[in-house]
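I look at the ligand, the annotated residues, the core and a few strands.

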Amino acid sequence: MKIRILILLFSSGLLCSLSAQNPIVQTCYTTDPAPMVHNGTLYVYTGHDEDKADFFWMQEWRAYSTKDMVNWTDHGSPLAIESFAWADDRAWAAQCIERNGKFYWYVCLHSKLTNAMAIGVAVGNSPLGPFKDAIGKPLCDGSWDYIDPTVFIDDDGQAYLYWGNPNIYYAKLNEDMVSLKGEVGKLEQTVEGFGAPSPDKRVKGVKYKDTYVEGPWLNKREGKYYLLYAAGGVPEHIAYSMSSTPLGPWKYMGEIMPLQDTGSFTNHCGVIDYKGNSYFFYHTGKLPGGGGFGRSVAIEQFRYNTDGTFPIINATQA
Ligand code: FUB
């Protein structure tokens, strides 16, 4: 998809514009895209890779918006590590969602409390905040594989969180969106469900069709539930599973974005329908000076197959 962007640098007080194709933001490195539509505007929430980084030393999240998928507005960084007193590092993948006029931004961070990763949630009164830590503590804490939360509200009002690397965790959220309803569960990964068993059950030397790694994206369309994720190992591609319920059992469906030379050994997706079209968000390392720790958000427009499955979507910037 060719995208021309007009970036308005309101946040920095500057007003300037530029034209470009994928990646959609060319003024800094952006990662782990999470799209959201509200009141006719499409927002994308991203992470932010530092310049010349040698790891995911990420300090803040950023937000961008568009009304036409061509012209983008840069809203700067409405949320950063400092918003969470209990955290000190690794502002990794995140997703924002609206409920009852409030906006809940689920994030993962390094926790000072446990010296491990934790899931937190910020709340704001608009899609662009201001945001603050909703509960002053993590929603769940204490495991290195507590990363990459995805949030979804079903038609019956029940909200779900999925997260994890390389295990897949899930929990229901209470209506307040800032507390868990019941215990955290761990999905049993099976060959039928995910192309490979759970990490602790994988047999050394056995070649599996696929392996879940990280970056889940939970979604529903026409009564079918989709769990998309980064798969395969290093480097990652994007695969997915489908179900008729939000908690499975899941059926492994295959690849969506196959391995290509995108310059990034991670990939991380989000999918959304907007103004009658479907869009697949991901990241590459193709912005000049970029790479595995200097990633950039890109978008491909696509059409679901008639049976609701995904087509293969190739990165135009590979
Ligand atoms: O951006 C930091 C980490 O890299 C994310 O949490 C993962 O999904 C991978 O994209």
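I take helices (H or I, at least four residues) and strands (E, at least two) as DSSP runs, numbered from the N terminus. I note that this is a predicted model: local features need pLDDT of at least 70, side-chain atom pairs count only at pLDDT 80 or more, and totals for chains, interfaces and linings use all residues. Residues are numbered from 1 along each chain as its sequence is written.

**Annotated residues**

I looked up the UniProt record first. Its "active site" annotation, from an unreviewed entry, covers D32 and E214. They span 183 residues in sequence, yet no two of their C-alpha atoms are more than 11.0 Å apart, so they gather at one spot. I keep in mind that UniProt positions are given in the numbering used here, that feature names are shortened, and that annotations may be inferred rather than shown by experiment.

I placed E214 in strand β17. D32 sits in strand β2.

Is E214 buried or exposed? I call a residue buried if 20 or more other C-beta atoms lie within 10 Å of its own, exposed if 12 or fewer, and partly exposed in between, with C-beta atoms placed from the backbone. E214 has 23 C-beta neighbours inside 10 Å, so E214 counts as buried. D32 has 33 such neighbours inside 10 Å and therefore counts as buried.

Next I listed contacts, meaning C-beta atoms, placed from the backbone, within 7 Å of each other. I left aside neighbours within four places in sequence. D32 is in contact with T46, G47, W92, A93, H268 and H283. E214 is in contact with I147, D148, N165, Y229 and A230.

**Ligand**

Which residues surround the ligand? I count a residue as near if its C-beta atom, placed from the backbone, lies within 6 Å. The shell holds T31, D32, G47, F56, W92, A93, I147, D148, E214, G215, T266 and H268. The elements giving two or more residues to this shell are β2 (29–38) and β17 (212–221). By class, I find four nonpolar, five polar and three charged residues there. Here Ala, Val, Leu, Ile, Met, Phe, Trp, Tyr, Cys and Pro count as nonpolar, Asp, Glu, Lys and Arg as charged, and the others, Gly among them, as polar.

**Core**

I define a nonpolar core as a set of buried Ala, Val, Leu, Ile, Met, Phe, Trp, Tyr and Cys residues joined through C-beta atoms within 7 Å. The largest one has 87 residues, of which Y45, W105, C108 and L228 touch the most other members. Beyond four places in sequence, the contacts of Y45 include A34, M36, W61 and W105.

**Strand pairs**

I say two strands pair if DSSP finds at least two bridges between them. β14 (residues 159–163) and β15 (residues 169–173) pair in the antiparallel sense over five bridges. There, Y160 has K172 in β15 as its bridge partner. In their hairpin, with five residues between the strands, G164 takes a positive phi near 125°. Four of the five residues of β15 are buried.

β15 also pairs with β16 (residues 180–186), antiparallel, over four bridges. Six residues lie between them in a hairpin, and M177 in the turn has a positive phi of about 65°.

I then turned to β18 (residues 224–231) and β19 (residues 237–243), which run antiparallel and are joined by seven bridges. L227 has S241 in β19 as its bridge partner. Five bridges join β19 to β20 (residues 251–257), again antiparallel.

Conventions
Contact = placed C-beta atoms within 7 Å.
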